[in-house]
Amino acid sequence: MLASVAGVIHPPAADPVLLREPRHRVSPRARLMWQVTALVEGAVTIGVLLLVALAVDAVEVRWWMIAVAVAAVLGWVAVVPQWRYAVHRWEVTATAVRTQTGWWAREQRIAPLSRIQTVDRAEGAVARLFGLATVTVTTASAAGALEIDGLDRRLADDLVAELTARADAVEGDAT
Amino acid sequence: MTQPPDGRPEPGPVVEGPGDWQRLDPRMLLVHPVQETVRLLPVLLGVLVAGTASGARGWQLLGLLVPVVLGLLRYVTTSYRVGGGRVELRRGLLERHVLSTPVDRVRTVDLTASPVHRLLGLTTVRVGTGTASTDEDERLDLDGLPAEVARRLREELLRAARAARPADPEHAGADDPFATGTPAPPAPPVVAFDPAWARFAPLTSTGLVVVAGLLGGTVQLLDALGGLRRLDAGSWADRVAGVPVLVAGAGLLLALAVASSVLAVSGYLVANWGFTLGHADRAWHLRRGLLTTRETSIDDARLAGVTLGEPLGLRLAGGGRLAAIVTGLGDGQESSSVLVPPAPRAVVGSAARAVLGVAAPVDVPLVRHGRAATRRRWTRALLPALLVTAACLLLATRSAWWLGPAVVAPLAAAALAADRARALGHALTDGYVVTRSGSLYRRRHVLAVGAVIGWNVRSTWFQRRAGLVTLVATTAGGRQSVAVPDVPEAAALALAARATPALVEPFLDRSPNRSPDRTPGPTGTATAGRP
């Protein structure tokens, strides 16, 4: 109705063409890493809150408060990493890199290999425990970095080598 | 980087051969002391007062000598050279700085002349490389060349930079009717200043911010005078007693509004007097300024698109402004990307058409985003407004004055929602991605397809439920991205696929019986709300 008022018609929506999912999931160990990280972070948060509450002495800490907090953390640990794992995907083709990340808010990113500026491989302390690495691909746009979190370390090495080789093959400053 | 092709003339007959360090113009010996005196004015005054008080005349003389000596030192310790494919600047007495940049990294060359410079026929050359550094010390400023030399240096730098770069992919401006390739005689400017434009100055967002600030100040002042407290009491007698306070407040407000308008108008005139935008030698050239003149150039090959900005105040008055999206020039260097200051809409439109070389991206009616996007605009505006209303109604039990905001909030939100919904739209025409959104600050971005690096497709859970996504085209200039907010997913991907088929087509899912919900949550309930 709005469209007809403006005199502009939407493109035919008979069979909407959508993006298919990127081919590869991240390593299943990533899910474990996210769960452990969430658990540790949640425990630390509750601990700090407890300490503050006891030190300030303004609020009387009751058992049900702690129970609610613990339940919230456990719920988060049970749902979010799993959800994230279901969403996170990546793909590299002959011409482009793609990622899909997030859980509540999701983001798909596509960048052509010809516009790659840097390929960065990072291993956090926690990621190293799980044998994982993060590969970040940047373009000339500050809004366009593609991050693949939770890749198997060896796979990450191969991916970096491949992406670097392909980016090198392109002339110009890729802006 | 690619090497410059053989036989390229060394940039700059301005300098005798590469490797010659040379001083800036000697007339800077007059400029520096003046600048240093102004900079050290508070200290000098202090010295002067202290000297008079203590009766020691010698100290005062010494105080006056300091800026002169500093200026002299600055002149003696600063030198530059252009040659060998590099621009280099050496300066500093105690802390030596040597700034050096390859000519092919030069993105902008700006000429600035303060009143003192102009009096002596000098100009400051600022060589912009698109660096992320904001350190004043790391700017490549050649402060003080004769205006003629500066202008020639700029031409040579821009030409050398262009020659040293590999052929750019098809960018905006390639189809520019003005781009003849040969240094043409200066064409008539596309935009020429009209002092009447200054009427738009108080209506820009900065003007509104000033007025809002003054309003806040006035209310506080009234409060301090006890006016509001008396009004809050709510009894008739008190309100009658409060009227003079109200009248005085309104008068004060009016005076402040007039004062801020005068300030805004004079600021606008000082900054934009004599504004011209013209095209010559494959670049757009801007000139403006009443006291301090500024000349900036934007290379055709780096012009990725334009943004037509219409803050609410300007829009209601029939005005707008135009900025360029310049590849390699970030958001922090906004002053270099202004194409037209606040001006009548017709002027802004014709400038945009001239800069793009085609009219359609500026004029074409946009594809609307449909009912789901409109509904989202309304919910997002009305929900917070209704919360405000609820809170105000609770407070209204204490003072009837709270009924005002309780009524106004939803009305303002509705107006905002309707206007924001009306703004949404996108198009792909003549090799440009066009998108428009916003109400308080409405922007129409026009980005050349060749300047689109990649795409981001964002969606929150609420957006997915409504079948909408936010499509973002990433680029290397301006705000680094251009967003098409709340567009139906299929329309978003159709836009991306038509703009950059080679990039997007391989990832499209054309199988007829694909499951409608492609990324289920962990237990399948996460997206169950979707029809």
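**Figure 1. Helices H12 and H13 of chain B, which are roughly antiparallel to each other in this predicted model.** The axes of helix H12 (residues 370-396) of chain B and helix H13 (residues 403-423) of chain B cross at roughly 175° and come within 8 Å; angles over 145 degrees count as roughly antiparallel, and the pair is therefore described in that way. On the side of H12(B), the residues that meet H13(B) include Thr374(B), Arg377(B), Trp378(B), Leu382(B), Leu386(B), Thr389(B) and Cys392(B). From H13(B), the partners include Leu403(B), Pro405(B), Ala409(B), Pro410(B), Ala413(B), Ala417(B) and Arg420(B). Sorted by class, the contact of H12(B) with H13(B) has 19 nonpolar, two polar and two charged residues.

**Figure 2. The crossing of helices H2 and H3 of chain A, which is right-handed.** Helix H2 (residues 28-56) of chain A and helix H3 (residues 63-87) of chain A have axes that come within 9 Å and cross at roughly 160°, which makes H2(A) roughly antiparallel to H3(A). H2(A) contributes Pro28(A), Arg31(A), Trp34(A), Gln35(A), Ala38(A), Leu39(A), Gly42(A), Ile46(A) and Leu50(A) to the contact, while the residues contributed by H3(A) include Ile66(A), Val70(A), Val73(A), Trp76(A), Pro81(A), Arg84(A) and Tyr85(A). By class, 15 nonpolar, three polar and two charged residues take part in the contact of H2(A) with H3(A).

**Figure 3. An open sheet of three strands in chain A, in the order E6-E7-E8.** The pairing in this sheet is antiparallel. Strand E6 (116-122) and strand E8 (146-152) of chain A stand at the edges, each with a single partner strand, so one side of each is left without a neighbour in the sheet. On average, and with direction ignored, neighbouring strands of this sheet are turned by 20° against each other. Strand E7 (residues 132-139) of chain A runs antiparallel to E8(A) and is joined to E8(A) by five bridges; Val137(A), for example, has Leu146(A) in E8(A) as its bridge partner. Helix H2(A) packs on the sheet, where H2(A) touches E7 and E8 of chain A, and the direction of H2(A) makes about 100° with that of E8(A).

**Figure 4. An open sheet of seven strands in chain B, with antiparallel pairing.** The strands follow the order E7-E6-E5-E11-E10-E9-E8 (chain B). At the edges stand strand E7 (140-146) and strand E8 (191-192) of chain B, each with a single partner strand, so one side of each is left without a neighbour in the sheet. Strand E8(B) is joined by two bridges to strand E9 (residues 276-280) of chain B, and these strands run antiparallel. Within this pairing, Leu277(B) in E9(B) is the bridge partner of Val191(B).

**Figure 5. Stretches of chains A and B in which the pLDDT is below 50.** Chain A has a mean pLDDT of 84, and 87% of its residues reach 70 or more. Over residues 1-14 of chain A, however, the pLDDT stays under 50, and the model has 15 contacts beyond four places in sequence for this stretch. Chain B averages a pLDDT of 78, with 76% of the residues scoring at least 70. Over residues 1-17 of chain B the pLDDT is below 50, and this stretch has 27 contacts in the model beyond near neighbours in sequence. Residues 168-184 of chain B also stay under 50 in pLDDT, and for these the model has 29 contacts beyond four places in sequence.

Terms used:
Residues are numbered from 1 along each chain as its sequence is written. Chains are lettered from A and ligands numbered from 1 in the order in which they are written. This is a predicted model: local features need pLDDT of at least 70, side-chain atom pairs count only at pLDDT 80 or more; totals for chains, interfaces and linings use all residues. Side-chain values use heavy atoms; hydrogens and water are left out. Axes are lines fitted to C-alpha atoms, for helices over the stretch in contact, and angles run from 0 to 180 degrees between N-to-C directions. Helices (H or I, at least four residues) and strands (E, at least two) are DSSP runs, numbered from the N terminus. Angles under 35 degrees count as roughly parallel, over 145 as roughly antiparallel, 65 to 115 as roughly perpendicular and the rest as oblique. A crossing is left-handed if the near helix is turned anticlockwise from the far one by less than a right angle, and right-handed if clockwise. Contact means heavy atoms within 4.5 Å. Ala, Val, Leu, Ile, Met, Phe, Trp, Tyr, Cys and Pro count as nonpolar, Asp, Glu, Lys and Arg as charged, and the others, Gly among them, as polar. pLDDT is the predictor's confidence in each residue, from 0 to 100. Two strands pair if DSSP finds at least two bridges between them.
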